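The sequence and the structure come first.

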Amino acid sequence: GKNDLPRRPTSSREKQSALKRMLNFNAPPLKNTAAEPVWKVLIYDRCGQDIISPLLAVKELRDMGITLHLLLHSDRDPIPDVPAIYFVMPTEENIDRICQDLRSQLYESYYFNFISAISRSKLEDIASAALSANAITQVTKVFDQYLNFITLEDDMFILGNQNKELISYHAINKPDIMDTEMEAIMDTIVDSLFCFFVTLGTVPIIRCPRGNAAEMVAVKLDKKLRENLRDARNSLFTGDNMGASQFSFQRPLFVLADRNLDLATPLHHTWTYQALIHDVLDFHLNRVSMDESVGSESSPAGARPKKKNKKSYDLTSADMFWQKHKGSPFPEVAESVQEELDTYRAQEDEVKRLKSIMGLEGEDEGPISSISMSDNTAKLTSAVSSLPELLEKKRLIDLHTNVATAVLDHIKSRKLDVYFEYEEKLMSKSTLEESLLDIISDPDAGTPEDKMRLFLIFYITALQPTSEIDLDQYKKALLDTGCDLSPVNYIKQWKAFTKIAATPSNYGNSGVKPMGLFSRVMNSGSQFVMEGVKHLVLKQHELRVSRIEFGVLMIYDLQETDDYRYFDPKMLRGSESSIPRNKNPFQEAIVFMVGGGNYVEYQNLVDYTKAKPGKRVLYGCSELFNAGQFIKQLSSLGQK
């Protein structure tokens, strides 16, 4: 109803319900009916798979009647008595394959859902294939779903995963880029952002800095939203489409930021759980894959070493421990895993104790009085009924024990705490006890990549330009530890080009709040002995994004944000200066990083928002990379 309380926007929930509607032949899923769902097959391409997998588990698909889910370009057998739901991008090769499916009469009926809007001419191709295959009546529906983005969290989304190199930082910043290539990259980004706002059901107010890729995206997005609003009959933002997801009377603010404004944060060694997992393990679309540690017993001499098994875990919103701790500092996580394990063991012992009293286990302990018997029966019944819950708890504890242990191994072997602490000091301009050269030259501290990351942060955030003599000395030290210097070459060009040597306002000092010492040193009886991991005092830097973000949010007079451009796609054209500025503070904002983002930044926004009651911020980026992946891009940009 229209008079409901305003709903909070969460791109993932809107999206989950859009997907469920689609899997129910684009009708709202029926609630609590005993009726069996209609059996059907789901055909997706890799893009469709990436969109669905973080949001719906295989079991949920099965509950909705999806018996098979297959990739479009795999060999599929005909199943002539079952309807097929397609969820694919409207690309040339996908359309060809769809036409081939129609000609081969693979399924009983076809529901074509395009992730992004399909063009007129491609629709005609499908129609003529259906005609020639005599299958017109079987093509039940064709839908544009406008779901061309991937939601990883309630408050986080990324654009692409399959062809992310096409819109990567490297692609946008390569020196010999042609205008036509740049246009194509911007159009790809804008197409996804347009889908995002259609799914959210709202037209934002757009702000962006001047003179970079973020501004190009803003101009194109404004134009695309405007054209859609002007075409009243087909507008995606009016009438019926809106009713369903009008979540707030206020429009959100959409802040486009450009990666080039801050190259230090993506290189930063981090200390929070989710960001650490992404940094040191293989973490992709909410799934972490790792080698299973093989038992410590050594193989007999001369035997082949045991093959390590790959194990993967999904870190989902249903996992309460993950939801609570993904943003916590790592030592706190290790301690919480230990506490969970202790409570679990206590519950497990209780079940065992009751079983033995009931004579269900072990020796018969002679007659038991009937009073205690009935009392214990009640206890046991409740203990046993909580077993499934206990087992699930145990699974999650094991999962986090394994993941946290793997992260801890990296911290200890690479001395990541030393890096983290040093970078925090660099970014907040605190005094440094140890020289940078010492850390770079210390063979026990970190990998060549760790050293390169630390040096680049120093180089990017340095107040005074580094002299050539010093630079050569650092370069030599980096070379000696086995670093490739291409990233340094690129940052040197970048500094010359951007001319904004990071002034003190950009990093740190903007409200550095000590978070207090980590809670008591971990008891050594714990299986996570954190020896060697210093208990640091964490300072929270409001990284650059947060500052700009909230500057614009509260309509502060930060010069940083006042020269941001302002677009309101709902306003009739007028020169920018004459647009009435929205002077009410915004309640909802979406910050989007053109050129790629990371969990460090995401976590920073989340923490910042927590301190601002009533505000809600979503974080998005054109691609998600960890420091290693980002360094590779910088490296290929800096190759001489």
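## Packing of helix 8

The buried residues of helix 8 pack against helix 6 (169-173), helix 7 (179-200), strand 8 (205-208), strand 9 (253-258), strand 15 (565-567) and strand 16 (588-594). The model is a predicted one. Helix 8 itself covers residues 213-230, 18 residues in total. From its first C-alpha to its last, helix 8 reaches 26 Å, close to the 26 Å expected at 1.5 Å a residue.

Which residues of helix 8 are buried? They are Ala213, Ala214, Glu215, Val217, Ala218, Leu221, Asp222, Leu225, Arg226 and Asn228. The list includes charged residues, namely Glu215, Asp222 and Arg226.

## Overall make-up

The protein has 23 helices and 17 strands. Of its 640 residues, 51% are buried. Taking contacts between residues at least 6 apart in sequence, 79% join residues at least 24 apart.

## Salt bridges

There are 25 salt bridges in the structure. In general, side chains of opposite charge can pair when their charged atoms come close. One of the salt bridges joins arginine 259 to aspartate 262, with 3.7 Å between the closest N and O atoms. Are these two residues buried or exposed? Arginine 259 counts as buried because its relative accessibility is 0%, and aspartate 262 is buried as well, with a relative accessible area of 1%.

Another salt bridge runs between lysine 310 and aspartate 291, where the closest N and O atoms are 3.2 Å apart. Lysine 310 belongs to strand 12 (residues 310-314) and aspartate 291 to strand 11 (residues 287-291), so this pair ties together parts that are 19 residues apart in sequence. Lysine 310 counts as exposed, at 61% relative accessibility. Aspartate 291 is partly exposed, its relative accessible area being 39%.

Aspartate 480 and lysine 476 are both exposed. Elsewhere, salt bridges with shared partners join Asp279, Arg414, Asp450 and Arg453 into one network.

## Aromatic pairs

The structure holds 28 aromatic pairs. One of them is formed by phenylalanine 25 and tyrosine 111; this pair is tilted, with 4.6 Å from centre to centre and 40 degrees between the planes. Phenylalanine 25 lies in the loop between helix 1 (11-23) and strand 1 (40-44), while tyrosine 111 lies in strand 4 (residues 107-114), so the pair ties together parts 86 residues apart in sequence. Both phenylalanine 25 and tyrosine 111 are buried.

Tyrosine 86 and tyrosine 107 have ring centres 6.4 Å apart and planes at 75 degrees, so the pair is edge-to-face. Why does that angle give this label? Planes over 60 degrees apart count as edge-to-face, and the planes of tyrosine 86 and tyrosine 107 stand at 75 degrees. The pair links distant parts of the chain, with tyrosine 86 in strand 3 (residues 79-88) and tyrosine 107 in strand 4, 21 residues apart. Tyrosine 86 is buried at a relative accessible area of 0%, and tyrosine 107 counts as buried at 3% relative accessibility. A cluster linked by ring pairs contains Tyr273, Phe283, Trp322, Phe330, Tyr599, Tyr602 and Tyr619.

## Lysines over rings and a buried aspartate

Lysine 224 lies over the face of phenylalanine 194, at 5.1 Å from the ring centre. In a second case, the charged end of lysine 495 sits over the ring of tyrosine 459, 5.0 Å from its centre.

Aspartate 191 is buried yet has no salt bridge. Which side chain of opposite charge is nearest to aspartate 191? It is lysine 224, 4.1 Å away; a salt bridge has to fall within 4 Å.

Key. Residues numbered from 1 in each chain as written. Predicted model: local features only at pLDDT ≥ 70, side-chain atom pairs only at ≥ 80, totals over all residues. Heavy atoms only, no water. Helix = DSSP H or I, 4+ residues; strand = E, 2+ residues; numbered from the N terminus. Expected span 1.5 Å × (residues − 1). Buried < 20%, exposed > 50% of the residue type's maximum accessible area, 1.4 Å probe, protein only. Contact = heavy atoms within 4.5 Å. Phe/Tyr/Trp six-rings, centres within 6.5 Å; stacked < 30°, edge-to-face > 60°. Lys NZ or Arg CZ within 6 Å of the ring centre and 35° of its normal.
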